[in-house]
Amino acid sequence: MSELAKLFDETVAATDLSEKQKAVLKASLQLFAAKGFDNTSTADIAAAAHVSEGTVYKHFKTKDQLLAAVMRPFVRQVVPRVAGDFIARIQGQAAPDFATFLHYVIKDRLEFAQENRAEAKIFLGELMHDQAMLNMLLKDFQQVAQGPLTAIFQHYQATGEVVDWPVGELFRTFLGVMAGHAVPLILMPTNKFDLERAADEATAVLVQGLRPA
């Protein structure tokens, strides 16, 4: 089971939902990840959750409502937790320079995306069609990340390796480049994606783009 799936299961288990509702949500994520949303029927979900199809419809009137119920814990709990855990970890990393720091972060997150590709693909597909959900996620992520990342960016600004832009602008630039390399990894067959090359390219783009004039 991937890390995202484990965190999703833990998050759902901690809710006040009935055991049948929890089973339906967990089964839905597993099947959406394995077969895709369009190829998963409510009958498939009911069988995997060991409930009747009528029970699925009792709590979730449509498959779209079920998908929305799966996405809510991702946006509000799972992704912020993943981000917070990673940021806490990189705060303790002593990188000798900005390029080394960037490469570590980018490669680590690309490896995470690769290891959690099936779940991330569902999540990405919904974000691409739901601007409100994307805005909510970015807001929550910024609240988790901006404080610790401010200190990191300011450190490299002080060493003269990073341009003297507001941290929010640096953060958005980093996310843009990171997303540009993570999205193809999530959507493309993994045997056609060169992760090491992508990490090198993203690092080079950011080092060059954020270097003081």
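1. Residues 18–78 are 79% helix and 0% strand, with their end C-alpha atoms 20 Å apart. Helices here are DSSP runs of H or I with at least four residues, strands are E runs of at least two, and both are numbered from the N terminus. UniProt, in an unreviewed entry, lists this span as "domain: HTH tetR-type"; such annotations may be inferred rather than shown by experiment.

2. Before going on: this is a predicted model, where local features need pLDDT of at least 70, side-chain atom pairs count only at pLDDT 80 or more, and totals for chains, interfaces and linings use all residues. Residues are numbered from 1 along each chain as its sequence is written, and side-chain values use heavy atoms, with hydrogens and water left out.

3. The unreviewed UniProt entry also has a "DNA-binding region" at residues 41–60. That stretch is 75% helix and 0% strand, and its end C-alpha atoms are 13 Å apart.

4. Helix α1 (residues 3–13) and helix α2 (residues 19–35) have axes that come within 10 Å and cross at roughly 165°. The axes are lines fitted to C-alpha atoms over the stretch in contact, with angles from 0 to 180 degrees between N-to-C directions. So α1 and α2 are roughly antiparallel (over 145 degrees). Contact (heavy atoms within 4.5 Å) involves A5, F8, D9, V12 and A13 of α1 with K22, L25, K26 and L29 of α2.

5. Further along, helix α6 (residues 98–115) packs with helix α9 (residues 167–187) at about 35°, axes 10 Å apart. Among the contact residues are L102 and I106 of α6, and F174 and M178 of α9.

Definitions and conventions:
Angles under 35 degrees count as roughly parallel, over 145 as roughly antiparallel, 65 to 115 as roughly perpendicular and the rest as oblique.
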